[in-house]
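I opened the notebook for a new model today. My plan is to go from the whole chain to single residues.

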Amino acid sequence: MQGFILHTQSVKDEDLIVYLLSAKKVIKSYRFYGMRHSNILSGYKIDFELEENSRFLPRLKDVLHIGFSWILDREKMYFWQEFIKLFYWHLKDIEEIDKFYFELLEDCSKRFEKQDCKRVIVDAYLKILNHEGRLHKEFNCFLCDGRIKENVVLIRAFLPAHNNCCFGYEFKINDVLQFYESFNSSHFNDEYIDKLYKIIKEGF
């Protein structure tokens, strides 16, 4: 079985509770003597086996790292782990899950090799909102419900608002519309990407 490590939590002695995202589930597992084996960190992709335990969490064993070509790039790893942390908080209370999230991380890990990390994350975030039916394409202000015609303020989860209704980062509505139609942020300048990334860091 393969999965991405979403979170690790130290418990007694050197053991770990490990949260994993597989293609079908978010798995909460137990790893004995974690410090005596190869390191497992959030964001790593691994091949693993689970040993079921009727009285406790399944035991994580036979762990094999599936490395990324950029894994030793500190900057890329920083952005990757920040992104994975958001995934953990978004999915940690879910058990059964569709393969969309696993496949999205697969795609992002490949795109990290050659593309700007923030742009990869911005594109992925939009896909998550769209997949979950939370993408507001009508550009009606979530506070006053009025139509937004020119510049739009986006807040957490890209909720749209008028610039006189809500404080936040402001964008040209045609630029955002193009982004929503293409799921590609390549037409945004770096300033836009930085603003969108700061919104994403507030959470899914």
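This is a predicted model: local features need pLDDT of at least 70, side-chain atom pairs count only at pLDDT 80 or more; totals for chains, interfaces and linings use all residues.

I count 5 helices and 8 strands in the chain.

**Entry 1. The whole chain**

I looked up the dimensions first. Along the principal axes, the C-alpha atoms fill a box of roughly 60 × 35 × 25 Å. The chain has 204 residues, and 45% of them are buried. I then checked the accessible surface, which comes to about 11,500 Å². Carbon and sulfur atoms account for 47% of that surface.

Next I took the contacts between residues at least 6 apart in sequence. Of these, 52% join residues at least 24 apart.

I also looked at the charges. There are 30 positive and 32 negative ones. Their mean positions lie 2 Å apart.

**Entry 2. A sheet of 3 strands**

In what order do its 3 strands lie? The order is β7-β6-β8, and the pairing is antiparallel. I noted the edge strands as β7 (159-161) and β8 (169-172), since each pairs on one side only. Neighbouring strands here are turned against each other by 40° on average, ignoring direction.

I went through the pairings one by one. β6, residues 151-155, pairs with β8 over 4 bridges in the antiparallel sense. β6 and β7 also run antiparallel, joined by 3 bridges.

Which strands does helix α4 touch? I find α4, residues 173-182, packed on the sheet and touching β6 and β8. The direction of α4 makes about 80° with that of β8. I looked up helix α5 as well, residues 190-200. Helix α5 lies across β6 and β8 and runs at about 130° to β8.

**Entry 3. Val-176**

I picked Val-176, whose place is in helix α4. Is Val-176 buried or exposed? Its relative accessibility is 2%, so Val-176 counts as buried; the cut-off for that is under 20%.

I listed its contacts, leaving out residues up to four places away in sequence. Val-176 touches Phe-139, Val-152, Leu-154, Phe-171 and Phe-188. I also took the distance from Val-176 to Phe-4. They are 172 residues apart in sequence, and their C-alpha atoms are 31 Å apart in space.

**Entry 4. Ser-22**

Where is Ser-22 found? I located Ser-22 in the loop between β2 (16-21) and β3 (26-31). I computed its cover next. Ser-22 has a relative accessible area of 6%, so this loop residue is buried.

What does Ser-22 touch, not counting residues up to four places away in sequence? I noted Met-1, Gln-2 and Gly-3 among its contacts. Ile-27, Ile-97 and Phe-102 are touched as well.

**Entry 5. Recap**

Val-176 sits in helix α4, whereas Ser-22 sits in a loop.

Technical notes. Residues are numbered from 1 along each chain as its sequence is written. Side-chain values use heavy atoms; hydrogens and water are left out. Helices (H or I, at least four residues) and strands (E, at least two) are DSSP runs, numbered from the N terminus. Buried means under 20% relative accessible area, exposed over 50%, partly exposed in between (1.4 Å probe, protein chains only). Contact means heavy atoms within 4.5 Å. Accessible areas come from the Shrake-Rupley method with a 1.4 Å probe; for residues, only the protein chains shown count as cover. Lys and Arg count as positive and Asp and Glu as negative; His and the chain ends are not counted. The place of a charge is taken as NZ of Lys, CZ of Arg, CG of Asp or CD of Glu. Two strands pair if DSSP finds at least two bridges between them. Axes are lines fitted to C-alpha atoms, for helices over the stretch in contact, and angles run from 0 to 180 degrees between N-to-C directions.
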